[in-house]
Amino acid sequence: MSEQSETGLAPEAKPIKNALIDCGWGRLLFGQTFEDPSALAEAMRAERPDRRDIAAYVADPHVVLSTAPQELFLDPSHTYRLDLTNYESPPTKYAGFFVRRLTSLHDAQQVNAIYSARHMVPVPPEFFWSLRDSRSLTVFVAEDEVTGDVLGSITGVDHSRAFNDPERGSSLWCLAVDPQARHPRIGEALVRRLADQFQAQRAHYLDLSVLHDNEQAIALYEKLGFVRVPYFTIKRKNQINEKLFIGSEHIEGLNPYSEIIVNEAMRRGINVEVTDAEGGFFRLTLGGRSIRCRESLSDLTSGVAVQICDDKSVTRRVVEAAGISTPAQMYQRSSDSLKDGRLDGFLKDHKSVVVKPARGEQGRGVAVGLTSREEVEDAITAARKISDGIVIEEMVEGVDLRIIVIGFEVVAAAIRRPARIVGNGECTIEELIEKQSRRRAAATHGESSIPLDAETFRTVRRAGFNMDDVPTQGQELEVRRTANLHTGGTIHDVTDELHPRLIEAAVGVARAIDIPVVGVDFIVKSPNRPDYAFIEANERPGLANHEPQPTAERFVDLLFPHSIPAAARAVLARGTDAKT
């Protein structure tokens with residue numbers, strides 16, 4: 001920030017020239033205070049590594065770009081404005097969370113986690129903490145009333161206090177909501193709170209910049225009363241902004257699991273050929289080496305390893321022989337009779353069981369917590385629509401842990417929680433599921449939604465409800481027993497919390513199957529405790545689900561070790577030397 005920007009100058013004082021403010025993720029440059037286009041371009045050149053500077057309100061962007069055409073580009077965003085002189089905040093109540101100022105380093109760390117999940121530039125936590133007495137920058141967070149977790153964040157800039165703006169403007173930046181959040185209208189609540197704040201400070205308007213194709217965000221802003229205004233933004237060409245100035249037509253149509261790998265490959269100069277976008281197939285080529293992939297499954301994974309992972313009963317036998325702890329299990333072929341007594345004996349021994357197709361993925365056909373023969377028979381009938389072979393497994397209590405192993409090293413780990421809804425006192429359970437499903441689909445590019453199937457109905461009934469019941473405001477209800485992302489589950493990173501025994505077991509599974517990339521699923525009491533039960537191994541784990549962990553980077557390292565940046569290779573070499 002310029003030295004004068006926090007001095008609290010009187011409104012009638014002259015605006016500060018060449019004004020800018022440090023927002024943590026980068027600097028916001030106020031283009032209307034730069035009379036010389038070359039001076040604005042020179043200021044943009046001073047952008048620090050891994051930051052994202054933004055020059056807003058640029059009156060003549062074409063002139064500024066002409067001074068540095070190789071370094072700067074016109075941001076493909078629209079500017080929207082809310083007139084605060086006529087704005088009336090409606091008396092709206094939000095269920096399950098409240099909005100407050102950011103007050104601690106822990107808040108800052110949680111905000112950064114949301115930024116990372118949204119592919120945004122993180123902010124040094126100490127910078128957030130330094131803002132607690134700032135007059136120019138305001139950061140609000142939405143906090144879950146029950147857990148205390150930060151669910152979203154928004155940053156506001158008071159232009160009058162930043163550079164003595166004669167127009168008494170303000171602007172909104174970095175609105176971000178946790179993609180795992182269950183509560184609706186978090187973004188709306190944050191925007192309204194910021195608008196109320198600046199209106200109380202007698203700002204005349206609140207501006208924001210939004211990418212031209214972000215239809216969901218634009219719909220929200222227009223609903224709140226924002227209208228588009230003709231102002232332009234300039235950014236510097238860097239790795240963070242790469243998609244905005246090089247385009248991505250050649251990877252159009254890929255799902256997030258393929259896209260994250262393709263983007264990392266392109267950053268390293270690896271040639272990408274998409275062979276079937278809908279199926280997630282592509283070929284990576286560097287020099288004389290060419291590798292075909294389907295998402296995180298590549299030519300490096302053998303057909304035998306795929307077959308082992310494909311049949312859950314085979315997977316269990318292979319890893320159990322390697323000393324991995326597994327739950328009790330029985331296998332039911334389509335030709336096997338349910339009247340031979342085995343099922344009754346298994347139920348008697350284990351009380352509660354899981355039924356799942358021996359072959360299949362994405363949680364389809366899996367039924368959890370079955371306690372009666374009738375429930376098991378119904379679940380077997382449903383599972384046989386996916387696979388002839390059925391696995392009936394001892395129900396192990398705990399949470400679902402997915403560990404990503406690449407090159408026989410643990411790269412990421414996450415707790416996966418089943419889909420839940422939060423009552424609002426108005427909607428039925430079925431309506432709440434449909435709304436939550438739409439939010440999950442929007443947050444995951446259509447990869448996650450809650451099916452209205454027999455498993456959902458059974459879970460709701462077991463909790464003592466019917467689908468047409470109306471939960472009270474704030475009442476939470478689990479609507480699935482399985483935690484699979486594709487059936488509406490949520491993912492929470494625990495990479496830094498893993499107990500050494502869990503790391504050892506996950507690597508042991510990968511070595512037993514002899515598979516270079518695998519997602520290992522355990523049921524655990526806690527990620528920082530040693531107890532576990534192996535559930536299954538996925539030969540094509542979704543790497544995009546584990547950001548900000550470097551899953552795509554490690555995957556491309558495995559495929560093309562010579563593409564690893566020199567500095568990273570040096571670090572890896574030092575680590576290898578230290579081990580030996």
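Which residue just after helix 16 takes a positive phi? Select D514: this residue follows helix 16 and has a phi of about 60°. Before going further, note that this is a predicted model, in which local features need pLDDT of at least 70, side-chain atom pairs count only at pLDDT 80 or more, and totals for chains, interfaces and linings use all residues. Residues are numbered from 1 along each chain as its sequence is written, and side-chain values use heavy atoms, with hydrogens and water left out.

**Stop 1: helix 16**

Now select residues 500-513, which make up helix 16. Helices here are DSSP runs of H or I with at least four residues, strands are DSSP runs of E with at least two, and both are numbered from the N terminus. Helix 16 has 14 residues and reaches 20 Å from its first C-alpha to its last, close to the 20 Å expected at 1.5 Å a residue. That expected span is 1.5 Å times one less than the number of residues.

Colour L502, A505, A506, V507, V509, A510 and I513, the residues of helix 16 that are buried. Buried means under 20% relative accessible area, exposed means over 50%, and partly exposed lies in between, with a 1.4 Å probe and protein chains only. An α-helix has 3.6 residues a turn, so residues three or four places apart point the same way.

What covers the buried residues of helix 16? Show helix 10 (303-310) and helix 11 (312-321), then strand 21 (399-406), strand 22 (409-417), strand 26 (517-524) and strand 27 (532-538); the cover includes these elements.

**Stop 2: F408**

Stay in this area and pick F408, in the loop between strand 21 and strand 22. F408 is partly exposed, with a relative accessible area of 22%. Leaving aside neighbours within four places in sequence, F408 is in contact (heavy atoms within 4.5 Å) with V507, A510, R511, D514, I515 and P516. D514, where the tour began, is one of these contacts.

**Stop 3: R481**

Next, select R481, in the loop between strand 24 (476-478) and strand 25 (490-493). R481 is partly exposed, at a relative accessible area of 26%. Beyond its neighbours within four places in sequence, R481 is in contact with V368, G369, M395, P418, E455, T459 and R462. From R481 to T33 the separation is 448 residues in sequence and 57 Å in space, C-alpha to C-alpha.

**Stop 4**

Go to the loop between helix 5 (159-163) and strand 9, where N164 is placed. N164 has a positive phi of about 60° although it is not a glycine. At 4% relative accessibility, N164 counts as buried. R168 lies in the loop between helix 5 and strand 9 too. R168 is likewise not a glycine and has a positive phi of about 50°, but R168 is partly exposed, with a relative accessible area of 24%.

**Stop 5: helix 6**

Select residues 186-200 for helix 6, whose 15 residues should span 21 Å at 1.5 Å a residue; the end C-alpha atoms are 21 Å apart, which agrees. Is helix 6 largely enclosed or open? Helix 6 is largely enclosed by the rest of the structure, because 11 of its 15 residues are buried. Among them are I186, L190, L194 and F198. Just after helix 6, R202 takes a positive phi of about 65°.

**Stop 6: the largest cavity**

A search of the whole structure finds three cavities of 30 Å³ or more. A cavity is a set of points on a 1 Å grid over the protein atoms alone where a 1.4 Å probe fits but cannot get out, and lining residues have an atom within 4 Å of a point. Grid points are joined across faces, edges and corners, and a volume is the space filled by probe spheres set on the points.

For the largest cavity, select A56, Y57, T79, S171, W173, D207, L208, S209, Y231, F232 and T233, which line it. About 60 Å³ of space lies inside this cavity. Strand 9 (169-177) and strand 10 (205-211) each supply at least two residues of the lining, and strand 10 gives the largest share, three residues. The lining divides into six nonpolar, four polar and one charged; here Ala, Val, Leu, Ile, Met, Phe, Trp, Tyr, Cys and Pro count as nonpolar, Asp, Glu, Lys and Arg as charged, and the others, Gly among them, as polar.

**Stop 7: the cysteines**

Finish with C23, which counts as buried at 4% relative accessibility. The closest cysteine sulfur to that of C23 is in C174, 7.4 Å away and too far for a bond. A disulfide is a pair of cysteine sulfur atoms within 2.5 Å, and a search of the whole structure finds zero disulfides. C427 is buried as well, with a relative accessible area of 8%.

Note on methods: On a 1 Å grid over the protein atoms alone, a cavity is a set of points where a 1.4 Å probe fits but cannot get out, and a pocket is an open set with protein on both sides within 12 Å along at least five of seven lines; lining residues have an atom within 4 Å of a point.
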